[in-house]
Amino acid sequence: MENKTSKYFKYAIGEIVLVVIGILIALQINTWNENQKLKNETHKVLLLLQDEFSRNQNELQTKIEQHKFVKASVDELSDLIKPNPEEIEENKLDSLMFSMIYIPEFNASTAISSSEKLDLVDDELKALVNDWKLNYDYYKYSIKLIYDNLSSQSSFITENYQAKNYKNELIASKKSAFDKDQRKILSSAVFENYVHLKALNAGFLVKRSAALYEIQNKILLYLEKKISTYD
């Protein structure tokens with residue numbers, strides 16, 4: 001009787017051990033599946049971020065060149081403003097005047113970087129993206145300042161310069177039939193202030209767009225390194 005009880009007890013313990021082992025294996029498999037699912041989702045987010053910032057980088061590169069063009073043109077226009085200005089070739093003035101109304105603007109794609117999916121990435125990448133967002137806000141603020149100044153100076157420019165004469169490859173317009181004395185606008189202290197403010201903000205945009213480009217490049221390099229670990 002004692003022998004049967006002992007065998008039954010051992011059998012019961014064996015059954016319990018097998019059940020526990022089965023549960024542990026099932027939990028381990030479930031944990032592995034969840035980790036694999038999280039890993040795949042993180043990989044997907046990293047790829048989406050890489051695509052997003054690659055497109056931003058290409059777009060920003062074009063805008064940087066446009067910001068540099070505006071800054072150089074406004075600086076050249078500023079040098080022409082004097083109490084007794086020299087008369088310059090009309091097409092030249094028309095091209096330089098275009099820089100007063102031209103506002104190239106980088107509008108970043110933030111579909112992934114501003115979504116909850118960013119929670120899946122590591123802290124270092126989050127810090128880089130947050131740094132980028134801060135610099136992007138600085139950049140957009142400089143854009144806003146230029147638009148604000150444009151609204152205040154537009155009435156002065158339209159009174160002293162024919163808007164139809166703006167000359168650039170981006171616009172196709174015919175020369176105005178009305179004559180304006182270019183010396184009047186180029187000898188204006190008020191216009192000098194407008195041009196100076198545009199030059200200052202154009203300079204800020206060149207610097208801030210360059211800073212954005214550098215941060216985006218860091219993000220892309222980091223993403224490339226992280227994504228390579230999934231191959």
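At what angle do the axes of helix H2 and helix H5 cross? The axes of H2 (residues 90–101) and H5 (residues 189–228) cross at roughly 65 degrees and come within 10 Å, where helices are DSSP runs (H or I, at least four residues) numbered from the N terminus. Axes are lines fitted to C-alpha atoms over the stretch in contact, and angles run from 0 to 180 degrees between N-to-C directions.

This is a predicted model, in which local features need pLDDT of at least 70 and side-chain atom pairs count only at pLDDT 80 or more, while totals for chains, interfaces and linings use all residues. Residues are numbered from 1 along each chain, and side-chain values use heavy atoms, without hydrogens and water.

H2 and H5 are therefore roughly perpendicular (65 to 115 degrees), whereas H3 and H5 are roughly antiparallel (over 145 degrees).

| Helix pair | Angle | Axis distance |
|---|---|---|
| H2 (residues 90–101) and H5 (residues 189–228) | roughly 65 degrees | within 10 Å |
| H3 (residues 123–160) and H5 | about 160 degrees | 9 Å |

Glu90 lies in helix H2 and is partly exposed at 47% relative accessibility, a class that runs between buried (under 20%) and exposed (over 50%), with a 1.4 Å probe and protein chains only. The C-alpha atoms of Glu90 and Lys63 are separated by 27 Å, and these residues are 27 residues apart along the chain.

Leu24 lies in helix H1 (residues 2–80) and is exposed, with a relative accessible area of 52%.

How values were computed. Helices (H or I, at least four residues) and strands (E, at least two) are DSSP runs, numbered from the N terminus. Angles under 35 degrees count as roughly parallel, over 145 as roughly antiparallel, 65 to 115 as roughly perpendicular and the rest as oblique.
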